[in-house]
Structure formats: C-alpha cells, structure tokens
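Me: I would like to go through this structure feature by feature. Please give the general idea each time, then the case at hand.

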Amino acid sequence: MTAPSLLTQQDARTRRDRLEVLTALINGPEFDPVLRGGVLKIPPTHPVYPWSCTVVDCERPRWRRYAMCSVHAGQWQEAETRGMSRAQFLRTAQPLPATEMPEAMMCRICPQRPAFSLQLVLCFRHRNRWLSHLKRHPEGRVNEGQFERWLADQPSLPGYGECRADVCDELAASPLGLCGAHERGYIRAGRPGGAKGAEELLCHLRAS
C-alpha cells in the first residue's frame with residue numbers, strides 16, 4: 001500500500017483552512033450581507049457601490065461619469081459651462097422615470113413573462129397585440145376604460161422559463177430563452193450561432 005504524499009496532505013489542509021477562514025469572515029457580523037450568495041443584487045443607494053443617479057428621485061441608473069444617469073450627465077455638462085454649481089444643479093434637476101427596472105416586472109396578464117413595456121406593464125407579445133388593437137381602431141379614443149376592456153379579453157400565455165445564461169437568475173423574455181438584457185447583448189454581439197430573437201420569431205409566426 002502506497003502512503004499518500006505529505007505534500008498533497010499539506011496542500012489539501014491549506015486549502016481547507018483557507019476556505020474555513022473565508023467562510024467565517026463572510027458569515028461574520030462585519031461582512032456586508034448584500035455580498036453573500038450566488039447572484040449579487042446591489043441596492044441602488046448602497047453606501048460603497050451605489051449605482052442610482054444622484055438627482056433626487058431619479059429612477060435611472062448612473063452613467064459612466066458624474067454619478068448621474070446619461071440624461072442628467074448631459075444636462076450637467078451644459079449647466080457647468082454656464083457657471084452653475086453641481087449642488088445647484090442637483091437641487092433643480094427634474095427626476096426621470098425608469099426606462100429599465102433592476103428587478104423584473106411581470107406582465108399584468110402573464111405572470112410567468114417579464115414586462116417588455118414598463119409603461120403598459122405588458123410582455124412583448126401583449127404589447128404588440130395592444131398596438132395592433134390601436135391600429136385597427138384608429139377612430140376610437142384611447143382611455144383607461146378601453147384599455148381595461150381590452151385587458152379583460154386577453155388570455156394569459158405561458159412563460160419561457162429562466163434565462164439560459166448561467167450567471168443570470170432572471171426569466172427569459174422570448175422564445176430565444178434569454179432575459180431582455182442578455183438578448184440585447186446577444187444581438188450586439190452579432191447573434192453568434194444565428195439564433196432568432198423575439199421580433200424575428202414573431203414575424204415568422206405571423207407569416208406562417
């Protein structure tokens with residue numbers, strides 16, 4: 001019987017000891033609980049890693065510079081050339097509504113599909129159905145009652161499961177099997193592999 005290598009035992013023990021120390025530190029009271037777990041979800045006003053626009057009540061994430069969203073960063077650059085101080089700009093700037101949500105918002109009709117339109121709170125398919133409804137009834141006046149009646153006639157559709165990206169825990173937004181953010185990234189990458197997104201598949205279904 002061959003005795004195990006002493007060096008192998010030392011390496012295994014060293015790795016185990018380091019893992020135990022790291023685990024103890026992570027579970028300690030001074031470790032930020034936001035940084036625990038598999039997928040990290042940093043709140044927008046985190047004291048160390050904030051990502052929200054610094055304009056009060058602005059719902060958009062900050063841009064690469066100025067700790068503001070892209071719109072307010074552009075406005076600030078113009079205001080700075082006119083001699084306005086940063087503090088004055090932040091006091092007078094108007095907050096903007098979110099164009100994307102950090103947490104997935106579900107379609108008001110399909111509980112298993114993320115909302116594609118934040119304004120309507122509808123998935124991609126029902127957003128398109130609503131727009132088609134408006135085109136078919138151009139003479140009708142769009143009001144809350146008309147929208148509510150249309151909602152009542154719409155069937156709930158099944159979801160597409162979780163996003164296929166290994167690092168993502170969001171729901172897929174289309175038959176492609178990717179959440180909205182990863183689908184946009186896939187399109188920017190030139191669609192390697194030639195998979196079709198929601199719009200292409202919808203056009204194909206309509207043509208077939």
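Me: Is Trp-150 buried or exposed?
Reply: Buried means under 20% relative accessible area, exposed over 50%, and partly exposed in between, with a 1.4 Å probe and protein chains only. Trp-150 has 7% relative accessibility, so Trp-150 counts as buried. This is a predicted model, in which local features need pLDDT of at least 70 and side-chain atom pairs count only at pLDDT 80 or more, while totals for chains, interfaces and linings use all residues. Residues are numbered from 1 along each chain as its sequence is written, and side-chain values use heavy atoms, with hydrogens and water left out.

Me: Where in the protein chain is confidence lowest, and where highest?
Reply: pLDDT is the predictor's confidence in each residue, from 0 to 100. The protein chain averages 81, and 82% of the residues score at least 70. Helices (H or I, at least four residues) are DSSP runs, numbered from the N terminus. Confidence is lowest in helix α7 (residues 198–207), with a mean of 44, and highest in helix α3 (residues 86–92), at 94. Where pLDDT is low, the predicted coordinates should not be read in detail. Over residues 199–208 pLDDT stays under 50.

Me: How many aromatic pairs are there?
Reply: A pair of aromatic rings is described by the distance of the centres and the angle of the planes. Rings of Phe, Tyr and Trp (its six-membered ring) pair if their centres lie within 6.5 Å; planes under 30 degrees apart count as stacked, over 60 as edge-to-face and the rest as tilted. The count comes to five aromatic pairs. One of them joins Phe-116 and Phe-124, which is edge-to-face because the planes are at 90 degrees, with the centres 5.0 Å apart. Phe-124 is buried at 10%, whereas Phe-116 is partly exposed at 44%. Phe-147 and Trp-150 are stacked, because their planes are at 15 degrees, with centres 6.0 Å apart. Both lie in helix α5 (residues 144–152), three residues apart, about one turn of the helix. Phe-147 is buried at 8%. Ring pairs link Trp-130, Phe-147 and Trp-150 into a cluster.

Me: Which residues of α2 are buried?
Reply: They are His-72, Ala-73, Trp-76 and Ala-79. An arc is that of the directions from the helix axis to the C-beta atoms. These residues cover an arc of only 125 degrees, so they are on the same side of α2. The face turned away from the buried side carries the exposed residues Glu-78 and Thr-81. Contact means heavy atoms within 4.5 Å. What covers the buried residues of α2 includes α3. Just after α2, Gly-83 takes a positive phi of about 95 degrees.

Me: What is Arg-127 in contact with, leaving aside its neighbours within four places in sequence?
Reply: Arg-127 is in contact with Phe-116, Ser-117, Leu-120 and Leu-122. Arg-127 is found in helix α4 (residues 124–136). The buried residues of α4 include Arg-127, Asn-128 and Trp-130.

Me: Where does Val-121 lie?
Reply: Val-121 is in the loop between α3 and α4. Its phi is near 55 degrees, a positive value in a residue other than glycine. Val-121 is buried, with a relative accessible area of 18%. Ala-67 also is not a glycine and has a positive phi, of about 55 degrees. Ala-67 is placed in the loop between α1 (6–26) and α2, and counts as partly exposed at 23%.

How values were computed: Helix = DSSP H or I, 4+ residues; strand = E, 2+ residues; numbered from the N terminus.
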